[in-house]
Amino acid sequence: MPPRLANIAVDCADAAALARFYAELLEQPVDPEANQNFATVGRDTMSPTLMFLRVPDKNPGKNVVHLDLVATDRRDQIERAITLGAKHIADYDEYGISWSTLADPEGNLFDIAEG
C-alpha cells in the first residue's frame with residue numbers, strides 16, 4: 001500500500017497565529033490545543049490536514065512547498081485573504097489557468113486559482 005498524504009507542514013514563527021489565518025481563509029476550525037509551537041487546521045474536517053510548526057530559522061528565499069487553492073469567486077477570495085492579513089504578490093494567466101500569488105502574514109506564498 002503506498003503512503004498517503006496526511007499533512008501539509010508549514011514552518012513558521014507562531015503556529016497558532018498562522019493557523020488562525022488559514023482557518024479563517026478556508027473557513028475551517030483551528031484544532032484544539034493550538035499553541036505558539038504547534039497547531040493544526042482541519043484534522044477532522046479535511047484531508048490533508050494543515051500542520052504549523054514553530055522553527056527557529058525558516059529556509060531563506062522562496063518556499064519550496066506552497067498551497068494551491070481554487071475558488072469560483074477568485075477575486076473576492078483574494079480580497080478576503082488580504083483583509084485577513086495576506087499580501088497580493090502577482091497575477092498570472094498561463095497554460096489556460098488564471099491564478100494569483102499571495103503571501104500569508106509570515107511571508108509564505110500561496111496561490112488562488114480560478115476554478
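This is a predicted model: local features need pLDDT of at least 70, side-chain atom pairs count only at pLDDT 80 or more; totals for chains, interfaces and linings use all residues.

Me: Ok, so is Glu27 buried or exposed?

Reply: Exposed, because its relative accessibility is 64%. Glu27 sits in the loop between α1 and β2.

Me: What's the phi of Glu27?

Reply: Near 55°, which is a positive value in a residue that isn't glycine.

Me: What happens at the start of α1?

Reply: A side-chain oxygen of Asp14 comes to within 3.3 Å of the backbone nitrogen of Ala16.

Me: Which residues of α1 are buried?

Reply: Ala15, Ala16, Leu18, Ala19, Phe21, Tyr22, Ala23 and Leu25. The elements that cover them include β1 (7-12), β2 (38-41), β3 (49-54), β4, α2 and β7.

Me: Which strands does α1 lie across?

Reply: β1, β2 and β3, and α1 runs at about 155° to β3. Those strands make up an open sheet with the order β1-β3-β2 and mixed pairing. At its edges stand β1 and β2, each with a single partner strand, so one side of each has no neighbour in the sheet. Ignoring direction, neighbouring strands of this sheet are turned by 20° against each other on average.

Me: How many bridges between β2 and β3?

Reply: 4, and the pairing is antiparallel. Phe38, for example, has Leu53 in β3 as its bridge partner.

Me: Where does the cis peptide bond fall?

Reply: Between Ser47 and Pro48, with omega at about 5°. Pro48 belongs to the loop between β2 and β3.

Me: New topic, the sheet of 4 strands. What's the order?

Reply: β4-β7-β6-β5, an open sheet with mixed pairing. β4 (67-71) and β5 (87-94) are at the edges with a single partner strand each, so one side of each is left without a neighbour in the sheet. From one strand to the next, the twist averages 25°.

Me: Which helix packs on it?

Reply: α2, residues 74-84, which touches β4, β5, β6 and β7. The direction of α2 makes about 5° with that of β6.

Me: And how do β5 and β6 run, parallel or antiparallel?

Reply: Antiparallel, joined by 7 bridges. Among the pairs, Ala90 has Thr101 in β6 as its partner, and Asp93 stands opposite Ser98 in β6.

Me: What's in the turn of that hairpin?

Reply: There are 2 residues between β5 and β6, and Tyr95 in the turn has a positive phi of about 55°.

Me: I'm looking at Ser100 now. Buried or exposed?

Reply: Buried, because its relative accessible area is 0%. Ser100 is in strand β6.

Me: Which side chain does the side chain of Ser100 make a polar contact with?

Reply: That of Asp91, at 2.4 Å. Leaving out residues up to four places away in sequence, Ser100 touches Arg74, Arg75, Ile78, His88, Ala90, Asp91, Phe110, Asp111 and Ile112.

Me: Last one: where is Asn108?

Reply: In the loop between β6 (97-103) and β7 (109-114). Asn108 counts as buried because its relative accessibility is 9%.

Me: So what is Asn108 in contact with?

Reply: Beyond its neighbours within four places in sequence, Asn108 contacts Val10, Asp11, Leu18, Tyr22, Lys58, Asn63, Leu102 and Ala103. Two of those, Leu18 and Tyr22, are among the buried residues of α1.

How values were computed. Residues are numbered from 1 along each chain as its sequence is written. Side-chain values use heavy atoms; hydrogens and water are left out. Buried means under 20% relative accessible area, exposed over 50%, partly exposed in between (1.4 Å probe, protein chains only). Contact means heavy atoms within 4.5 Å. A polar contact is a pair of N or O atoms within 3.5 Å; within protein, one must be able to donate a hydrogen and the other to accept it, and residues adjacent in sequence count only if both atoms are side-chain atoms. Two strands pair if DSSP finds at least two bridges between them. Axes are lines fitted to C-alpha atoms, for helices over the stretch in contact, and angles run from 0 to 180 degrees between N-to-C directions.
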